[in-house]
Amino acid sequence: MGKEISLYVHIPFCDHKCIYCDFYSIITQENRNSYISALEKEIHYVKSLLAVQRKISTIFFGGGTPSLMGPKFIGEILNYIHKNFNVTESAEITLETNPGTVTKEDFKEFKNLGINRISIGVQSFHDKDLKFLTRIHDRQTAINSIRQAAESGFENVNLDLIFNLPGQTKKEWIENLKTAVSLPVKHISAYSLILERGTILNKLVLDGKVKIGDDDYDADLYETTIDFLTQSGFRQYEVSNFCKEGYECKHNLAYWDHREYVGLGPSAHSFLQGKRWWNFSSLKMYIDKIEKSGNAVRGEEKLSGNEMLEEFVMLALRSKGLNLNVFKSKFGNSWLEKKKKILDELKSGGMIYFTGDFIKLTKKGYSLCDEILLKII
Amino acid sequence: MKNIRNFSIIAHIDHGKSTIADMLLEKTGTITPREAKSQLLDDMDLERERGITIKSHAIKMQYTAKDGVKYDLNLIDTPGHVDFSYEVSRSLAACEGALLVVDAAQGVEAQTISNVYLAIEAGLEIIPVINKIDLPSAMVDTVKAQIIDLIGCDEEEIILASAKQRIGYEEILDAIIERIPPPEGDDTKPLQALIFDSVFDSYRGAIAYIRVFNGVLKTKDQIKFFANQNIYMAEEVGVLGLQKIKTGELRAGDVGYVIAGIKDVKETRVGDTITHAKNGAAEPLPGYKEIKPMVYSGLYPSNSEDYESLRDAIEKLQLNDSALIFVPETSAALGFGFRCGFLGMLHMEIVQERLEREYNQNIVTTLPNVEYYVYKKNGEKVVVDNPAEMPEVGEIDHIEEPFVKAQIVVPSEYLGSIMKLAMDKRGVYKNTTYLDPTRADVQYEFPLSEIIFDFYDKLKSISRGYASFDYEFIGYKESDLVKLDIMLNGEKVDALSIIVHKSKAYDWGRKVTSKLKELIPRQMFEIAVQAAIGNKVIARTNIKALRKNVLAKCYGGDITRKRKLLEKQKEGKKRMKQVGNVEIPQEAFLAVLQIED
């Protein structure tokens with residue numbers, strides 16, 4: 001059908017592995033050529049799945065550290081995408097970068113390739129935090145990177161920050177937010193630190209070698225974040241995402257609106273026609289599987305009607321709210337009627353509110369989003 | 001009849017009752033040494049694990065005495081726990097004598113004493129046996145003195161044995177023949193057969209183990225059970241060897257079994273008398289009692305969908321356990337379940353364990369309680385076996401609870417701590433007698449409710465395992481009791497209500513509220529946890545509201561995982577019990593069972 005879809009490209013290469021990161025990445029670039037050629041084959045595979053009319057409205061280069069690979073590498077992939085798909089004129093094309101991996105020249109070249117949104121993995125503006133997280137950059141490099149992106153013509157810049165880092169005081173976190181809003185950025189992703197299984201940080205915490213703030217402290221920082229960014233002209237449109245008016249990340253909105261997307265590269269997920277599938281994570285397996293069978297699918301699931309509904313509600317509530325009209329047109333009325341009592345309770349408990357055709361989470365509701373979902377779903 | 005001897009073995013737990021039995025079975029050629037795997041008579045897994053006999057059984061041995069005469073020796077085993085003292089008394093009633101087995105290293109214990117009294121009451125000839133004389137720690141002289149003191153026998157009457165070393169069996173077998181009188185009875189009188197045990201076989205139905213006192217029971221006889229007057233045909237009659245041996249008849253004095261196509265062990269009640277449907281005996285044998293549960297508890301399925309399956313399991317279990325009673329009950333907190341009555345704590349634990357192990361049931365149990373007599377101001381008497389059914393405070397005139405007479409045998413050095421424990425448990429001291437200069441037999445009266453819970457464990461721990469304990473029910477007495485309710489955000493959690501002595505209510509309330517605070521996860525709102533008597537709150541604590549529960553990132557690759565996680569957590573929530581708007585994990589109900597009084 002003619003609906004637009006989103007495209008995610010996973011670039012699994014990193015300079016090194018940070019202690020908190022659980023994304024699939026490898027630190028050597030030996031496989032870059034076989035990766036590119038596998039990616040091209042995968043593009044062919046995806047093309048065979050899509051009807052001709054499908055246009056691509058967003059592209060997101062995530063990682064890993066896509067910027068590490070340089071403009072030429074990204075350009076090659078983009079070229080191949082353009083050759084095989086119909087990318088809309090106004091498509092949002094995002095590149096994830098890490099400070100210290102991109103020069104001003106690089107930014108310019110990325111811009112020339114058609115990339116129009118830059119996401120910068122700053123994480124903190126305090127050197128002690130950056131050291132702890134084993135990032136390669138420091139405060140100044142981060143600030144320079146943001147300025148260079150802006151000076152290179154990127155108007156749509158995001159930066160990632162993490163709160164409730166070990167030893168981080170509330171004052172230090174607020175300083176991070178202050179620095180962020182003083183820079184030329186339109187979008188801020190502020191994440192509570194997630195202890196992912198298998199990461200060094202998780203082990204340090206489990207072993208008691210590193211302490212992180214408890215849930216109450218985390219909630220305190222989170223609510224402070226919402227208040228601060230809202231007062232600084234940013235709008236919260238998802239649990240961890242804030243932007244200036246009109247600068248929502250379209251690519252991520254596609255996920256949260258439960259729209260279709262296709263993921264390329266190791267560990268990437270796709271969602272098409274009620275089916276979700278995911279690729280092998282290891283680069284070697286990814287390449288081998290593509291060489292053998294033209295795709296890298298490791299597993300898939302066909303979503304039941306109920307699973308579709310659950311995901312729709314879960315994603316909508318996390319982000320801009322549940323659009324009742326859209327919901328009813330997709331799933332009918334009966335579910336909402338069944339949930340009326342619990343929704344009313346949540347409303348009187350100050351967790352959600354009704355506005356127009358939407359059910360939205362309050363500030364308290366965002367903090368307890370998963371708890372609310374457990375009650376509703 | 002003069003060549004029959006019917007006897008039991010009485011002993012404190014672990015004093016070697018089963019090994020003595022094995023030795024006799026082996027030496028009479030009833031079983032081969034290879035078959036004499038330890039504790040042959042205990043055939044339930046649980047019995048072997050706990051080293052106690054839950055159900056009694058019987059077995060027939062043949063022995064040629066020194067004079068060349070062949071004797072039939074019927075060993076009737078007795079259950080080894082106070083919960084089953086009625087069954088013990090019925091087994092003893094089927095005998096003319098008993099071996100009293102005492103461990104040479106342990107000496108006389110509480111259970112030894114109480115069983116001896118039961119045997120003496122039943123008029124049995126008692127043959128004292130000191131077992132385990134080969135142990136380095138054996139103190140044969142001391143134990144001899146204790147036994148002489150206990151039953152007033154002569155020193156020469158005491159047989160020294162080691163069942164493990166197969167020492168003493170000849171003396172025991174000879175004593176059984178010489179000292180225990182043959183059964184009396186009359187083949188020509190109307191049939192009177194005592195049921196001393198019954199088991200359920202899924203193919204044959206209820207099998208009654210009986211001792212014939214008068215008359216003859218033959219296959220195809222129409223027989224009548226006195227307790228409920230039901231009539232059946234005796235399909236099969238025989239004696240109990242290692243397996244059942246059909247004999248076609250049982251005569252006065254004999255011990256054996258009868259199968260009569262009976263579908264339920266409730267029909268073959270322990271203590272009941274079987275007679276003939278026509279020309280039967282006018283009177284049953286004395287001593288029959290309806291078994292009455294002493295301890296009650298609510299049993300609920302963990303998952304409310306398993307209610308029917310739990311009912312099936314309990315019904316099946318009941319086929320083999322006539323002492324178990326149950327009625328459906330509903331709890332606001334736990335949903336649909338059953339109020340079950342048990343003979344005692346061990347019986348309750350066995351039932352719960354069998355439900356879980358043999359019938360794969362996941363159950364939540366409520367705090368066990370006894371049965372209370374509540375006298376209302378309007379003169380009405382209400383029997384309460386579930387705290388939730390307690391009348392309102394204002395309606396109550398007074399409450400009575402069951403009391404027991406308890407016997408504690410303990411080395412004198414622990415007397416002080418025993419007395420302190422007894423005081424904590426509202427014990428009323430009666431008297432002390434010394435079994436020998438170092439060991440005392442202390443008698444107390446306790447409210448049954450105080451000893452059903454953790455009394456035995458405490459007793460063991462403060463006496464380093466040396467104290468032993470037995471008790472018997474003596475009747476109901478008035479006590480200053482209150483119903484203590486637990487409330488979450490003002491809603492009563494009926495399954496956590498207890499009836500407790502007023503002096504203990506505050507302490508209990510404090511412990512339960514703080515335990516619940518530990519176990520109930522923080523929820524979206526603050527939860528007030530209160531303990532109250534009537535409208536008066538006596539303990540209170542709060543569970544602070546949960547402030548954060550949200551996954552920070554949820555992008556394309558996270559959605560499936562996140563949805564599955566939610567579904568899993570949702571499943572977990574289903575197992576939570578809901579009271580008002582508060583969700584309570586099942587562990588909270590179970591943890592209350594572990595609170596130390």
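**The interface of chains A and B**

Chain A and chain B bury about 3500 Å² between them, and 55% of that area falls on carbon and sulfur atoms. The structure is a predicted model, and the values that follow are computed from its atoms. The size of an interface is often given as the accessible area lost when the parts come together, but the residues that take part can also be counted: 44 residues of chain A are in contact with 27 residues of chain B.

The polar side of this interface can be described by two counts. The rule for salt bridges finds 10 of them across the interface of chain A and chain B, and the rule for polar contacts finds 24 residue pairs there, with both residues of each pair at pLDDT 80 or more. On the side of chain A that touches chain B, the elements that give two or more residues are strand 6 (187–192), strand 11 (275–279), helix 8 (215–231), helix 9 (250–256), helix 11 (305–318), helix 15 (363–367) and helix 16 of chain A. By class, the residues on this side of chain A divide into 23 nonpolar, six polar and 15 charged.

Two packed helices are described by the angle between their axes and the distance between the axes. For helix 16 (residues 369–376) of chain A and helix 13 (residues 559–574) of chain B, the axes come within 10 Å and cross at roughly 65°, and the crossing is right-handed. Helix 16 of chain A contributes A:Asp370, A:Glu371, A:Leu373, A:Leu374 and A:Lys375 to the contact, while helix 13 of chain B contributes B:Lys562, B:Leu566, B:Gln569, B:Lys570 and B:Lys573. Sorted by class, this helix contact has three nonpolar, one polar and six charged residues. Two of the residues named here, A:Asp370 and B:Lys562, meet through their side chains in a salt bridge, with an N to O distance of 2.6 Å.

Finally, two details of the backbone can be examined, one in each chain. In chain A, the peptide bond from A:Gly63 to A:Gly64 is cis, with omega near 20°, and A:Gly64 lies in the loop between strand 2 (55–63) and helix 2 (70–84) of chain A. In chain B, B:Asp14 has a positive phi of about 75° although it is not a glycine, and B:Asp14 is found in the loop between strand 1 (4–11) and helix 1 (17–27) of chain B.

Notes
Residues are numbered from 1 along each chain as its sequence is written. Chains are lettered from A and ligands numbered from 1 in the order in which they are written. This is a predicted model: local features need pLDDT of at least 70, side-chain atom pairs count only at pLDDT 80 or more; totals for chains, interfaces and linings use all residues. Side-chain values use heavy atoms; hydrogens and water are left out. Axes are lines fitted to C-alpha atoms, for helices over the stretch in contact, and angles run from 0 to 180 degrees between N-to-C directions. Helices (H or I, at least four residues) and strands (E, at least two) are DSSP runs, numbered from the N terminus. A crossing is left-handed if the near helix is turned anticlockwise from the far one by less than a right angle, and right-handed if clockwise. Contact means heavy atoms within 4.5 Å. Ala, Val, Leu, Ile, Met, Phe, Trp, Tyr, Cys and Pro count as nonpolar, Asp, Glu, Lys and Arg as charged, and the others, Gly among them, as polar. Buried area is the accessible area (1.4 Å probe) that two parts lose on being put together, summed over both. A salt bridge is a side-chain nitrogen of Lys or Arg within 4 Å of a carboxyl oxygen of Asp or Glu. A polar contact is a pair of N or O atoms within 3.5 Å; within protein, one must be able to donate a hydrogen and the other to accept it, and residues adjacent in sequence count only if both atoms are side-chain atoms.
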